[in-house]
Every structure is written in C-alpha cells, then in structure tokens.
Amino acid sequence: MELSKEDIERVNFVWGIYDSTNEGVDAFYLGDLLRALEMNPTLATIEKLGGTKKKGEKKLMVDEFYPIFAQVIKDKDQGVYEDFIECLKLYDKAEDGHMIGGELTHILLSLGEKLSDAELDEVVKDCMDPEDEDGMIPYVPFLAKVCGKPVPADDNPFNK
C-alpha cells in the first residue's frame, strides 16, 4: 500500500517530535508513534511489526517506519471509537448512555488487552466521571477522553 502525501507529512511531523536528533527512534516507542498518528494497534501487532518491550534494543529510522505505518492502516485488527461505543452499549440496560462504573472497571481489568491495577487507577482518575448515587457513569465521555475525541454535548449514543 502506498502512503498518500498527507500520510507522509503526518508521519514526518510526528517522527520529528520523537526523533529530534535524527538518530532514529527506539523501537520501544513504536506503539506511541502509531497512537500519535491516531492508530490503535494491539500490543501483539506492535510486537509483530518490530516494537520492543525494552528500551535500547533497536532503533528505527523514518524510512523503516513508513511500511509499518502503511501496514497498520491496512490492518483491521484495531478498534476505533465507534466500535468501543457499540461494545459498551451492551452494558447500557436503560439505553440512556450510562452503565455501572464497576462493570466498566471490570471490563478494563479482564477483557482484551487487560490493564494493570495501576493503569486502571490512572485511567479512572483522568477519564471517568464520578459515579452517580446508583453507581452509574456516562460511558461516551469516558471513551471520548480515552480516545482523544471531543466530548459530545449529548452523551446518549442511542440518540444518534
């Protein structure tokens, strides 16, 4: 797959932030680079494409990154904001954009690429609105914050 001129410009911009010395980017940061480019690869995909679990194992140059980025664009093994909303609708019994906060934290700890307790604490602190008196939270603003999207004025996904 060929990258568009716009894709190459986006890569070069983000790459310049991570590689300010023109000596390459540590492969440990491959996932961060892809996420900065609004991609959402799984940890397995990052590892398959050459990401490392430890710093200092190898460096990537921008010309090595272009085909990696193109592969992630082509790869369908990544979730997007809208997919996450559809998944959480399953837990929205009243169909009003709210779910039990405890269910959301359970999902984050147990499904897919599970978060550690420390990661969960950070996500909850930074992204989750306080539970109401019934233990419910609005999940659309939570997902918007996690995915770096603007928080919609109407957080009921059933109104869309």
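Asp-7 touches Phe-69 and Ile-73, leaving out residues up to four places away in sequence; contact here means heavy atoms within 4.5 Å. This is a predicted model, in which local features need pLDDT of at least 70 and side-chain atom pairs count only at pLDDT 80 or more, while totals for chains, interfaces and linings use all residues. Residues are numbered from 1 along each chain as its sequence is written, and side-chain values use heavy atoms, with hydrogens and water left out.

Asp-7 sits in helix H1 (residues 5-18). Helices are DSSP runs of H or I with at least four residues, numbered from the N terminus. With a relative accessibility of 14%, Asp-7 counts as buried, because buried means under 20% relative accessible area (1.4 Å probe, protein chains only).

Next come the aromatic rings. A pair of such rings is described by the distance of the centres and the angle of the planes. The structure holds 3 aromatic pairs. Rings of Phe, Tyr and Trp (its six-membered ring) pair if their centres lie within 6.5 Å; planes under 30 degrees apart are stacked, over 60 edge-to-face, and the rest tilted. The ring centres of Trp-15 and Phe-65 are 5.5 Å apart and their planes stand at 40 degrees, so this pair is tilted. Trp-15 belongs to helix H1 and Phe-65 to helix H4 (residues 62-74), so the pair ties together parts that are 50 residues apart in sequence. Phe-65 also forms a stacked pair with Phe-69, at 6.2 Å centre to centre and 20 degrees between the planes. These two residues are 4 residues apart in helix H4, which means a separation of about one helical turn.

Leaving aside neighbours within four places in sequence, Leu-37 is in contact with Arg-10, Val-11, Val-14, Phe-65 and Phe-69.

Technical notes
Buried means under 20% relative accessible area, exposed over 50%, partly exposed in between (1.4 Å probe, protein chains only).
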